Amino acid sequence: MLDFQSPLQADASALGALAKFYRMIPEVSLPVPADAAAGGTLPLRAYRYCEPIRVASQLGWYVFAPMDFSLMWDGTRVL
């Protein structure tokens with residue numbers, strides 16, 4: 001259920017998009033839907049016994065930035 005608007009990704013619009021991603025740099029990796037194991041970083045016990053954390057880990061996307069950047073959260077704002 002995603003729609004990649006990229007010259008390298010021919011026709012994904014038939015999937016009925018929930019999100020649109022645009023690539024400005026063709027070499028950048030495409031976004032990947034998040035998985036229940038949080039990319040293998042979720043502890044095994046949490047994955048097995050805590051359904052809320054497993055379900056929450058599946059929401060969203062893994063987006064790979066073409067360059068390094070940092071975000072700082074001061075408790076109310078993101079800088």
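This is a predicted model: local features need pLDDT of at least 70, side-chain atom pairs count only at pLDDT 80 or more; totals for chains, interfaces and linings use all residues.
Trainee: Where does Val-78 lie?
Mentor: Look in the segment after strand 4, which covers 61–62.

Trainee: And is Val-78 buried or exposed?
Mentor: Val-78 has a relative accessible area of 54%, so it counts as exposed, because the cut-off for exposed is over 50%.

Trainee: Switching topic: what does the secondary structure of the chain come to?
Mentor: You'll find two helices and four strands. Going along the sequence, the pattern reads β-β-β-α-α-β.

Trainee: Which helix has Ser-57 in it?
Mentor: Helix 2, which runs over residues 51–57.

Trainee: Why does Ser-57 count as buried?
Mentor: Its relative accessibility is 15%, and buried means under 20%.

Trainee: What does Ser-57 touch, leaving out residues up to four places away in sequence?
Mentor: Ser-57 touches Ala-34, Asp-35, Ala-36, Ala-38 and Leu-42.

Trainee: Now the whole chain. How much of it is buried?
Mentor: Buried residues are 15% of the 79 residues. The chain exposes about 6,500 Å², with carbon and sulfur atoms supplying 62% of that.

Trainee: And what about contacts between residues 24 or more positions apart?
Mentor: Those account for 37% of the chain's contacts with a separation of 6 or more.

Definitions and conventions. Residues are numbered from 1 along each chain as its sequence is written. Side-chain values use heavy atoms; hydrogens and water are left out. Buried means under 20% relative accessible area, exposed over 50%, partly exposed in between (1.4 Å probe, protein chains only). Contact means heavy atoms within 4.5 Å. Accessible areas come from the Shrake-Rupley method with a 1.4 Å probe; for residues, only the protein chains shown count as cover.
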